[in-house]
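Trainee: I would like to learn how to read a sheet in a protein model. Please show me with an example.

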Amino acid sequence: MTTGKINVSVENIFPLIKKFLYSDHEIFLRELVSNGTDATLKLKHLTSIGEAKVEYGNPMIEIKIDKDAKKLHIIDQGLGMTADEVEKYINQVAFSGAEEFLDKYKDSAKDSGIIGHFGLGFYSAFMVAEKVEIITKSYKDEPAAHWICDGSPEFTIEPADKTSRGTEIILHIAEDSLEFLEEGRIKTLLNKYNKFMPIPIKFGTKKETLPKPEDAPEDYKAETIEVDNIINNPTPAWTKQPTELSDEDYKNFYHELYPMQFEEPLFNIHLNVDYPFNLTGILYFPKLGSDMQIQKDKIQLYQNQVYVTDNVEGIVPEFLTMLKGVIDSPDIPLNVSRSYLQADGAVKKISNYITRKVADKLKSLFTENREDFEKKWNDIKIVLEYGMLSEDKFYEKAGAFVLYPTVDGKYFTLDELKENLKANQTDKNGKLVVLYAGNKDAQHAYIEIAREKGYEVLLLDSPIISHLIQKLEADNENLTFTRVDGDHIDNLIKKEETTISKLSEEEQTNLKTVLEGIVPAPSYTVQLEALDSNAAPFIITQPEFMRRMKEMSQSGGGGMFGMGNMPDMYNLVVNTNSELATNILNSKDKSVQENLVKQALDLAKLSQNLLKGEELTAFVKRSFELIK
């Protein structure tokens with residue numbers, strides 16, 4: 001029997017491991033299963049190049065619980081270790097056997113899928129165990145070894161009677177970690193971290209009913225047998241080529257990732273690159289609508305099929321974190337616990353690649369089947385509009401597929417929109433005026449006015465549209481956006497004919513004086529306009545600039561513009577060609593004038609959903625008095 005001390009630089013390495021090395025103790029199982037997977041994949045590679053003269057077979061990793069003895073077993077059928085190798089790889093903390101292997105076989109082992117990066121992975125066992133045993137036999141013709149350590153730097157190595165190739169790790173679970181002897185807890189961890197490991201993982205057995213033989217008698221009773229319960233999928237969809245997968249395969253994998261998600265994804269994007277970095281994965285566009293409070297952290301990051309985290313910030317551009325799916329890359333630098341990204345140039349390259357790949361996919365979907373793309377627009381627009389605001393590279397490509405729908409259900413790209421507006425939606429400065437509604441029902445009256453004049457009205461209703469409009473205007477100097485209930489459209493759009501007011505200039509001055517004496521200032525600015533006699537007599541609009549700044553402050557731009565909580569300011573547009581305007585002007589009874597103005601103003605407020613509280617109560621009471 002050999003005794004010795006583990007070669008560490010500090011005596012208290014074990015307390016450090018137990019308390020501080022890993023952010024979450026549960027990942028010990030991930031690390032140990034990953035080590036077993038590495039040992040198996042190493043053996044696979046050595047047998048494939050003829051260096052290991054053994055039969056590879058169909059190895060698996062087995063997890064067993066011995067609750068009575070308070071032991072957890074992790075067993076692999078990989079290449080195993082000799083006593084000397086245990087001394088080298090286990091007793092020298094932070095010596096990475098995986099890195100040594102990859103360096104030795106760097107040409108032939110490039111695509112072997114070896115996981116391990118950190119020699120400390122094995123020592124995560126001491127976060128939950130008071131004593132750890134290793135019983136291992138190498139694929140080489142050498143005796144098995146038995147290593148024992150009780151959580152101090154002291155260890156023993158002695159011969160073992162193990163005859164089969166591979167390694168068994170036995171954890172004597174500590175009193176404060178007995179949860180890891182519960183079958184449900186282990187099953188949850190295996191499902192979280194090891195669901196797609198490249199080697200089959202056995203956890204217990206399950207009953208399976210044998211198929212009924214063709215010549216079975218009528219009274220045949222189905223036979224059930226005990227079979228290995230393999231809890232993982234060693235060949236998930238992202239490890240395959242897109243040509244190997246059907247639409248149904250992609251959908252099935254989506255439901256494998258998100259078993260509680262019942263809606264089908266809209267479409268997927270398969271990522272597959274091996275230069276200048278290695279990255280595979282599948283991203284899914286779920287139905288998103290216009291809700292900015294969508295749950296993020298639904299993309300899972302893997303490293304060689306080992307789950308790392310669902311916080312992919314920095315790897316995936318922020319606007320795409322609302323998607324779902326998987327990204328797998330051995331080239332993403334992680335710290336010792338594989339849980340947090342480090343600043344690295346490769347990560348930025350990966351982020352740029354994903355942005356480009358998503359943009360290219362969206363363009364191809366738009367080009368190949370525009371009708372289907374238009375049907376899905378409302379479910380994906382929030383991601384694309386956010387992408388245009390946050391990623392310049394995406395913005396550059398977005399013009400080819402981002403759509404601008406009208407209230408009538410037509411869809412335009414920006415270039416198509418400009419061409420369509422050129423004929424009759426130009427302001428006095430020659431700019432194209434894009435009219436849009438933010439709420440089709442609330443702004444219905446204004447939409448109808450615009451329609452009657454032959455104007456095209458877009459339906460732009462996402463919560464970040466004000467920010468996007470600002471960017472589009474900055475990049476298109478001959479384009480201006482105005483909400484349909486904003487500054488009155490006849491002031492903005494150049495018309496061939498101008499409507500003449502029935503009132504003289506003197507009458508208009510007198511009318512404005514009367515109105516300004518009754519309409520509350522400074523919330524409302526009175527404007528007199530000569531509109532069609534059939535148009536509403538009083539119309540409330542909001543200055544486009546002020547309304548847009550207020551919207552941006554409410555959706556997160558307030559700090560940027562220093563606007564804070566901006567006051568509400570409106571225009572009261574009074575149609576001087578309306579009969580009501582004439583009646584107000586000609587009335588000699590000031591109380592009648594006041595009632596007419598108040599009633600008309602309240603009706604205009606009501607149409608804009610601005611009449612509330614005491615004002616609404618007074619309006620209803622006054623209306624009943626009028627119809628008595």
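This is a predicted model: local features need pLDDT of at least 70, side-chain atom pairs count only at pLDDT 80 or more; totals for chains, interfaces and linings use all residues.

Mentor: The protein has 18 helices and 22 strands.

Trainee: What share of the 628 residues is buried?

Mentor: Buried residues make up 49% of them. Among contacts with a separation of 6 or more, 72% join residues 24 or more positions apart.

Trainee: How do strands hold on to each other in a sheet?

Mentor: Strands pair through backbone hydrogen bonds, in a parallel or an antiparallel way. Here, take the open sheet of three strands, whose order is E20-E22-E21 and whose pairing is mixed.

Trainee: Why is one side of E20 and of E21 left without a neighbour in the sheet?

Mentor: E20 (524–529) and E21 (538–541) are at the edges and each has a single partner strand, so one side of each has no neighbour in the sheet. On average, neighbouring strands of this sheet are turned by 25° against each other, direction ignored.

Trainee: In which sense do E21 and E22 pair?

Mentor: E21 and E22 (residues 570–575) are antiparallel, with four bridges between them. Ile539 has Val573 of E22 opposite.

Trainee: Which helix packs on the sheet, touching E20, E21 and E22?

Mentor: Helix H14 (residues 505–518) does, and its direction makes about 155° with that of E20. Helix H17 (residues 590–607) also lies across E20, E21 and E22.

Trainee: At what angle to E21 does H17 run?

Mentor: H17 runs at about 45° to E21.

Note on methods. Residues are numbered from 1 along each chain as its sequence is written. Side-chain values use heavy atoms; hydrogens and water are left out. Helices (H or I, at least four residues) and strands (E, at least two) are DSSP runs, numbered from the N terminus. Buried means under 20% relative accessible area, exposed over 50%, partly exposed in between (1.4 Å probe, protein chains only). Contact means heavy atoms within 4.5 Å. Two strands pair if DSSP finds at least two bridges between them. Axes are lines fitted to C-alpha atoms, for helices over the stretch in contact, and angles run from 0 to 180 degrees between N-to-C directions.
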